[in-house]
Amino acid sequence: MLEIKNVTKVFNPGTVNEKLALDNFSLTLEDGDFVTVIGGNGAGKSTMMNAIAGAWTVDAGQILIDGIDVTKLPEHKRAKFLGRVFQDPMTGTAATMGIEENLALAKRRGNTRFLTPGITKKEREEYKELLKILDLGLETRLTSKVGLLSGGQRQALTLLMATLKKPKLLLLDEHTAALDPKTAAKVLETTEYIVQKDHLTTLMITHNMKDAIVHGNRLIMLMDGKIILDIKGEEKKRLTVKDLLQKFEAASGEEFTNDQAILG
Amino acid sequence: MNILHLLNSMPGTLAQGLIWGITAIGIYITYRILDVADLTVDGSLCTGGAVCIMMMVSGQNVFISMLAATLAGMVTGLVTGLFHTFMGIPAILAGILTQLGLYSVNLKIMGKANQAINVDKYNLLVCSRYIKGVPFYQNTIFVVAVCTLILVALLYWFFGTELGCALRATGCNGNMSRAQGINTNFSKVLGLMISNGLVGLSGALLAQYQGFADINMGRGAIVIGLAAVIIGEAVFSRIFHNFALKLISVALGSILYYIVLQTVVWMGIVDTDNLKLLTALIVAVFLAIPYWKSKYFSKAIVKKGGRTNA
Ligand SMILES: Nc1ncnc2c1ncn2[C@@H]1O[C@H](COP(=O)(O)OP(=O)(O)O)[C@@H](O)[C@H]1O
Ligand SMILES: [Mg+2]
């Protein structure tokens, strides 16, 4: 499904701010995998996702989605394969446009856009039904500007937009980190529901160790642009926070310091 | 200070305001929808006027000439768009470069700095003489008002299409747009082309109205257009929410701007030499208002944000 082969990315090369953000990074996902990703600040988690999404070109290596080499494709062309939700609730939606208009934009992800109507009557009905699964009352506010919604509502909407047209790969970058605990739990629950329902292959970055353990069938931990832990199958199912901490110390050769404790 | 002088000048003011309103709508598209300040317009207004006049003088039909002026305007937008997206030049600078280049191009089109057109010899669509004493359908105010309504209807339709929605999304949130598969560079180029096409058309009307095209006719067009956008929004934003009405409020803003200007001159508050200074200062203050609001009333806004986020 997804193959990242020996990808390297250096930011600000040749300057004092030079940063090796992805270090000969490789990762392969099977169809239907739900992989949770953890790691300290600056470990390269977002960089990994941006490499997949095509925010910039990588310095070396290759990225394949469903066997198609996307390494050189620009961001808007890769969007055809990807559903994305970002950490900042402002990033995933167009604030000055209506809820239904945002959904209609997402519905056309990967299509060439013509002078055909931007949204049809039939779609409106469809979106009304769809919004009900969020259980946030948005189905009665189809024409409201998204800028009027709360962070949690916007994030839930972005999730819906990312999955409205079934993506080959769903990328979630700490999409609940900016929300209060209750809203975060709800958005995560909706995430799990949609991923199960549509059998989506998913990469989910989280700052919460428990969430990383509870969700998904595989867990990876990043450090310094490399995968230092990769837990799957039965081992993942039985995993506890304590195991994870021990494994981290064994893998990194470091004590689990307070600085990294933002993980849990 | 004879009020009759002012009233007598009103039809002309109205016509001028309407013609500039089309430029203002073009500027609304870049400034408000696409979120770029495009300085190409100072050059493309003249390009439109020059192309129209030169084609008419060489015997072309007025509508063909105006179509050509619109297309020429679109080409100027294309150039700025390519400077910006393909060559990575910041939008403002890209517009300035095109504007500077257009000075030479416009001189080449006209052959000299000013080209007049004789009202009696050519069939003009609009003219400062067609304001009084002509059948209403020939009246410049009527003609330009109808033109504006047709353009508003076209733009309303366009911004409701998939392509138009993509353009709006691009201006609102580039990241989101690319994540939804929108080629934001294409959207920007297209928006700049539409905008400058409208400005070119406006220039064609203005040149006919005043009976000549002049190398300096576009100077300050961006500021006048912004003034119209800002005035239109300030006066009508509470009542006009529909997109078509918003465009109309920009056109009305342009009319108001010219009425205010005419009145100020009539009252003798400022002489005509100082008008551009006055316009620049007024627009500067209006542009500062949102900034001042966020700076000095930011506490209230944070509170509000906190509440909506909870
Ligand atoms: N666009 C960028 N330009 C320069 N440096 C970047 C950029 N994106 C990320 N970095 C750097 O790369 C490293 C990894 O960042 P990131 O992937 O965002 O970490 P995280 O695991 O917290 O998501 C950090 O040191 C960060 O400062
Ligand atoms: Mg990150």
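These notebook entries record what I looked up in the structure above.

**Entry 1: The model**

I noted at the outset that this is a predicted model. I therefore treat every value below as computed from a prediction.

**Entry 2: The contact between the chains**

I began with the place where chain A and chain B meet. I found 33 residues of chain A in contact with 23 residues of chain B. I then looked up the area buried between chain B and chain A, which is about 2,300 Å², with 57% of it on carbon and sulfur atoms. Three residues, Glu162(B), Met176(B) and Gln180(B), supply 30% of the area that chain B buries against chain A, more than any other three residues. The size of an interface is often given as the accessible area lost when the parts come together.

**Entry 3: Polar links across the interface**

I next searched for polar contacts between the chains, and the rule finds 12 residue pairs across the interface, both residues being at pLDDT 80 or more. On the side of chain B that touches chain A, the elements giving two or more residues are H5, H6, helix H7 (174-179) and helix H12 (298-309). H6(B) provides the largest share of that side, with 7 residues.

**Entry 4: Salt bridges**

Between chain B and chain A the count is 3 salt bridges.

**Entry 5: The largest pocket**

I turned last to empty space. Rolling a probe the size of a water molecule over the atoms shows where empty space is left. The largest pocket has a volume of about 1,100 Å³. Of its 32 lining residues, Thr96(A), Lys145(A), Arg168(B), Phe243(B) and Lys246(B) are the closest to its centre. Which residue types form the lining of the largest pocket? I listed 13 nonpolar, 10 polar and 9 charged residues. At least two lining residues come from each of these elements: helix H3 (99-107) of chain A, and helices H1 (3-33), H5 (140-158), H6 (162-172) and H10 (243-266) of chain B.

Terms used:
Residues numbered from 1 in each chain as written. Chains lettered and ligands numbered in written order. Predicted model: local features only at pLDDT ≥ 70, side-chain atom pairs only at ≥ 80, totals over all residues. Heavy atoms only, no water. 1 Å grid on protein atoms, 1.4 Å probe; cavity = no way out; pocket = protein on both sides within 12 Å on 5 of 7 lines; lining within 4 Å. Points joined across faces, edges and corners; volume = space filled by probe spheres on them. Helix = DSSP H or I, 4+ residues; strand = E, 2+ residues; numbered from the N terminus. Nonpolar A, V, L, I, M, F, W, Y, C, P; charged D, E, K, R; others polar. Contact = heavy atoms within 4.5 Å. Buried area = accessible area lost by both parts, 1.4 Å probe. Salt bridge = Lys/Arg side-chain N within 4 Å of Asp/Glu carboxyl O. Polar contact = N/O pair within 3.5 Å; in protein donor to acceptor, adjacent residues only side chain to side chain.
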